[in-house]
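Let's take a friendly look at some side-chain contacts in a protein. Have the picture open while you read.

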Amino acid sequence: MCRMKKREMRLKLINLMICVFLIASNLGLTVALTNNSSQNKDNCEFPAIFNFGDSNSDTGGLTALYGQALPPNGQTFFGKPAGRFCDGRLVIDFLAESLGLPYLSAYLNSIGSNFSHGANFATAGSTIRPQNTTISQSGYSPISLDIQFAEYSKFYKESQVVRKQGGVFEELLPKEDYFTRAIYTFDIGQNDITAGYKLNLTTEQVKASIPDIISQFAKVVRGVYAQGGRSFWIHNTGPLGCLPYMLDHFLLTAAQVDEYGCASPLNEVSQYYNSQLKDIVTQLRMDLPSASITFVDIYSIKLKLITQAKKYGFEKPLVACCGIGGKYNFNNTMRCGSTEIVDGKEILVAKSCDNPSKRIIWDGIHYTEAANKWIVDQIMKDSSYANPSIPLEMACQKFN
């Protein structure tokens with residue numbers, strides 16, 4: 001009898017231990033599921049990107065108007081020119097990848113485009129303020145930011161009417177709620193600064209034009225907000241004084257060149273523009289109460305890369321990879337992809353360097369794919385470059 005009672009007690013004890021284990025396991029599972037649910041809730045799951053900008057984010061807008069970019073553009077990733085002034089992918093491409101979205105089709109490109117997850121209104125050479133010149137005179141695109149917004153407004157209004165026809169239209173155009181749930185990215189302003197210098201304005205005169213430029217930028221952000229946009233991701237401009245095409249254009253004194261070879265006056269103007277842009281973002285946050293606006297310090301990231309190139313595996317930070325001649329391998333009359341007729345044959349003379357993955361500047365104006373990836377990696381790894389300090393996937397959250 002005693003042995004049977006002991007056996008029963010042992011069985012009860014074992015059953016009790018099993019129950020405790022199962023309860024603990026279920027509690028742990030519940031906590032894990034709750035934590036995962038909370039994390040997923042924080043992530044915005046943007047279904048689309050609508051981008052406004054210049055050549056730093058143009059995925060085919062300008063080339064849809066004026067003809068494809070020349071080889072060797074696109075060689076590293078696409079294997080051929082792909083509407084980008086780069087050997088491969090741009091920052092906007094890597095941002096799309098990080099959100100699990102396809103690369104953006106250019107709004108102006110009618111061939112093979114898919115707008116189901118957004119559209120790109122950027123064109124190379126675009127400015128915020130319309131320019132009183134033609135593209136053949138100055139190189140600036142006629143598709144200034146106000147025109148890009150007009151394109152967006154048309155797309156916003158008409159895409160849903162067309163999408164309701166079903167079939168292929170339903171597959172190629174965004175759902176109606178995507179416009180509110182999308183992230184709106186802006187990377188523009190660089191060309192407004194250089195345009196002033198091309199008009200022979202002094203640095204002080206260029207600075208004096210910036211408040212109006214910023215005001216026109218804010219007008220477009222307000223316009224997108226009025227049509228339902230709520231999440232904004234705004235890049236400031238990079239260090240212009242470190243770009244070969246600017247260094248080649250200006251006669252600089254030794255005192256105007258910093259220890260890294262960049263033009264200090266040009267970088268100071270970039271920083272002034274950025275400070276004005278940051279101020280207007282602060283104002284927009286107050287004026288647009290339902291908006292989440294993230295300001296991203298691209299300037300500091302790019303300057304860090306250029307001034308510490310060797311540390312990060314890059315070389316010749318101020319020399320273009322693709323080009324011909326001169327201190328910076330940049331010739332404004334023979335840019336990347338330029339050819340000459342030799343003995344009746346067309347020969348590529350403005351060629352790519354042997355290893356673009358080791359270079360920062362692609363063609364004297366734009367960054368290489370390797371540099372663009374490095375820039376996005378910094379944004380993803382270090383949220384301190386963003387204000388507020390949040391990752392891209394949480395940019396719909398209001399922390400301001």
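## Sulfur links

Which cysteine forms a disulfide with cysteine 44? The partner is cysteine 396, and the two sulfur atoms sit 2.0 Å apart. Keep in mind that this is a predicted model. The link is left-handed, with -95° about the S-S bond. The pair connects distant parts of the chain: cysteine 44 is in the loop between α1 and β1, while cysteine 396 is in the segment after β8, 352 residues away. Cysteine 44 counts as buried because its relative accessibility is 15%, under the 20% cut-off. Cysteine 396, at 31%, is partly exposed.

A search of the whole structure turns up four disulfides. Another one joins cysteine 242 to cysteine 262, with 2.1 Å from S to S. The torsion about this S-S bond is about 110°, so the link is right-handed. Cysteine 242 lies in the loop between β4 and α10, and cysteine 262 in the loop between α10 and α11, so the bond ties together parts that are 20 residues apart in sequence. Cysteine 242 is buried at 0% relative accessible area, and cysteine 262 is buried at 0% relative accessibility.

Cysteine 86 is buried, with a relative accessible area of 0%.

## Rings in pairs

Now for the aromatic side chains: the whole structure has 26 aromatic pairs. Take phenylalanine 52 and phenylalanine 121: the ring centres are 5.4 Å apart and the planes are at 20°, so the pair is stacked. Phenylalanine 52 is in strand β1 and phenylalanine 121 is in the loop between β2 and α4, 69 residues apart. Phenylalanine 52 is buried at 0% relative accessibility, and phenylalanine 121 is buried at 1%.

Phenylalanine 77 and phenylalanine 78 pair edge-to-face, 4.9 Å centre to centre with 90° between the planes. Phenylalanine 77 is partly exposed at 36% relative accessibility, and phenylalanine 78 is partly exposed at 25%.

## Charges over rings

Lysine 207 lies over the face of tyrosine 272, 5.5 Å from the ring centre. Arginine 230 lies over the face of tyrosine 225, at 4.0 Å from the ring centre.

Definitions and conventions: Residues are numbered from 1 along each chain as its sequence is written. This is a predicted model: local features need pLDDT of at least 70, side-chain atom pairs count only at pLDDT 80 or more; totals for chains, interfaces and linings use all residues. Side-chain values use heavy atoms; hydrogens and water are left out. Rings of Phe, Tyr and Trp (its six-membered ring) pair if their centres lie within 6.5 Å; planes under 30 degrees apart count as stacked, over 60 as edge-to-face and the rest as tilted. Helices (H or I, at least four residues) and strands (E, at least two) are DSSP runs, numbered from the N terminus. Buried means under 20% relative accessible area, exposed over 50%, partly exposed in between (1.4 Å probe, protein chains only). A charge sits over a ring if NZ of Lys or CZ of Arg is within 6 Å of the ring centre and within 35 degrees of the ring normal. A disulfide is a pair of cysteine sulfur atoms within 2.5 Å.
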